[in-house]
Amino acid sequence: MVFESFTAAAAVVLTSIFVLAFIFGAVANKTNFCTMGAVSDWVNMGDLGRMRAWLLAIAVAMLGVILFEIFGMVNADGAFPPYRSPQFRWIEHLLGGLLFGIGMSLASGCGNKILVRVGGGNIKSIMVLLIIAVIAYFMINPFPGTSHTLYSTLFYPWMNPLAINLGNQQDLGSLVAGTEHGAIARLIIGLILAAGVLFFIFKNADFRRSFDNILGGVVIGLMVVGAWYVTSQAMIDDGFGGQNTLNEYVQDWDFLADDPDARPAEAAPWSAQSFTFINPMGQSLRYVGSGFDSAVLYIGVMALVGVILGSLFWALVTKAFRIEWFASVRDFVNHFVGAILMAFGGVLAMGCTIGQGITGISTLALGGFLTFASIVFGAALTMKIQYYRMLYEDEASFGKAFLTSLVDMRLLPGKLRKLEAM
């Protein structure tokens with residue numbers, strides 16, 4: 001897709017992302033595609049149906065990205081955020097994933113589910129969305145009158161020294177075969193991983209009969225691939241016989257553009273990318289706070305709006321729209337604390353259950369796999385602790401529930417169990 005101006009290219013990209021996000025939101029609502037629900041079903045009932053749907057979305061997205069990359073149709077190397085950066089910030093992925101997993105368990109859903117619930121009339125999720133938006137914004141943008149962000153104040157001084165410079169990009173292909181042969185290695189590794197995941201998913205007869213789970217996994221995965229394709233393929237004719245990506249065009253705006261007033265505030269958010277929802281919440285707050293200035297209308301903002309409206313559409317069509325408020329003070333506190341943890345965790349890990357758990361893993365980046373594992377562990381541990389504290393009430397202190405949960409997860413010997421399994 002080659003355009004004569006940035007305005008035309010941006011309009012097509014933003015509209016396309018909105019359409020894909022609209023479908024994403026409607027299908028996620030219709031199929032109850034929920035990554036937190038996937039962990040909950042597994043931990044509490046031993047049901048892997050929705051977990052398999054999540055894994056199906058990962059497999060579809062992974063296959064799409066590695067195949068499209070081979071044919072030059074997707075460029076994940078220069079993505080926003082930089083999933084394949086040679087700087088492997090393992091502590092951020094680990095801690096961020098844990099915080100996000102704990103937070104989404106307390107707040108009744110991941111970033112995507114929060115948006116789906118907002119579209120369905122859940123006022124609790126609106127509060128969670130606003131809290132995440134504020135923290136996500138100040139994690140990246142400085143406080144007024146200063147050069148300090150939440151990230152630079154709380155995390156950078158001790159996390160940055162722990163980062164590992166891998167030399168090559170952190171995707172599995174580049175790590176195994178080097179930059180020169182990274183694409184072929186990614187193709188081989190991706191095909192093997194996807195085949196293994198698909199075998200695990202479809203060997204289960206119940207899942208093969210679950211239309212909604214299959215639909216949710218396939219469509220969500222395809223929407224992630226679609227966003228990668230749209231944001232990678234939009235090019236602008238520079239008038240000198242060459243073509244520039246949107247990111248390149250913004251960086252060279254003064255040289256290439258005719259209208260200096262229409263320049264976006266930053267170039268990075270116009271890089272190739274796909275769905276993620278924590279940072280876009282901060283971007284959306286900035287967009288609204290600016291008085292809807294087009295200079296800060298980014299792809300993530302359109303993705304967020306599209307998912308909400310897609311969910312709203314399905315809720316209205318099926319007459320499932322209903323207002324939901326907090327059931328108790330404890331429910332409010334859980335959602336409040338969960339939102340804070342999700343915001344910090346999602347920004348630290350450079351993504352959520354969608355942004356890293358599907359989009360990040362689709363690039364085969366180490367950070368995506370570590371974040372995914374950390375989110376699942378944090379959510380599973382939190383759910384087990386909540387279960388024991390609910391089951392035993394006053395008898396189950398946090399310490400007893402915590403130790404027993406670790407025993408259940410086979411991370412501690414059985415002799416340390418403090419509460420009987422039920």
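Here is a friendly set of notes on the predicted model shown above, point by point.

1. **Ground rules.** This is a predicted model, with local features needing pLDDT of at least 70 and side-chain atom pairs counting only at pLDDT 80 or more, while totals for chains, interfaces and linings use all residues. Residues are numbered from 1 along each chain as its sequence is written, and side-chain values use heavy atoms, with hydrogens and water left out.

2. **The sheet.** β1, β4 and β5 form an open, three-stranded sheet in that order, with mixed pairing. (Strands are DSSP runs of E with at least two residues, helices are runs of H or I with at least four, and both are numbered from the N terminus; two strands pair if DSSP finds at least two bridges between them.) The edges are β1 (2-3) and β5 (243-245), each of which pairs on one side only. β1 and β4 (residues 235-237) run parallel and are joined by two bridges. If you want a residue to look at here, F3 has I236 of β4 as its bridge partner.

3. **A covered helix.** Do have a look at α18 (residues 355-362), where eight of the eight residues are buried. (Buried means under 20% relative accessible area, exposed over 50%, and partly exposed in between, with a 1.4 Å probe and protein chains only.) Among these buried residues are Q356, I358, T359 and I361. They pack against α3, α4 (90-106), α12 (211-233) and α19 (366-392). After α18 comes L364, with a positive phi near 60°.

4. **S271 and its surroundings.** S271 sits in the loop between α14 (253-256) and α15 (278-289). Its relative accessible area is 8%, so S271 is buried. The side chain of S271 makes a polar contact of 2.9 Å with that of N247. (A polar contact is a pair of N or O atoms within 3.5 Å; within protein, one must be able to donate a hydrogen and the other to accept it, and residues adjacent in sequence count only if both atoms are side-chain atoms.) Setting aside neighbours within four places in sequence, S271 is in contact with G78, A79, F80, T231, N247 and I299; contact here means heavy atoms within 4.5 Å.

5. S328 is found in the loop between α16 (299-317) and α17 (329-348), and is partly exposed at 38% relative accessibility. A polar atom of the S328 side chain lies 3.2 Å from the backbone nitrogen of D331. D331 in turn meets K124 in a salt bridge between their side chains (3.2 Å, N to O). That pair links distant parts of the chain, with D331 in α17 and K124 in α6 (residues 123-140), 207 residues apart. Both partners count as buried: D331 at 15% relative accessibility and K124 at 7%.

6. **Other salt bridges.** The structure holds 13 salt bridges, where the term means a side-chain nitrogen of Lys or Arg within 4 Å of a carboxyl oxygen of Asp or Glu. One of them joins D171 to R186, with the closest N and O atoms 3.1 Å apart. D171 is in the loop between β3 (164-165) and α9 (172-177) and R186 is in α10, so this pair ties together parts 15 residues apart in sequence. D171 is buried at 0% relative accessibility, and R186 is buried at 7%. Both belong to a network of salt bridges that also links E69, D77 and R84. In another pair, the side chains of R286 and E266 meet at 2.8 Å, N to O. R286 is partly exposed at 24%, and E266 is partly exposed at 27%.

7. **A nonpolar patch.** (Patches are made of residues with over 30% relative accessible area and no salt bridge, joining like charges within 9 Å and nonpolar side chains, namely Val, Leu, Ile, Met, Phe, Trp and Tyr, within 5 Å; accessible areas come from the Shrake-Rupley method with a 1.4 Å probe, and for residues only the protein chains shown count as cover.) Helix α10 (residues 182-202) gives the most, with three residues. F71 is in the loop between α3 (49-70) and β2 (87-88), and counts as exposed at 63% relative accessibility.
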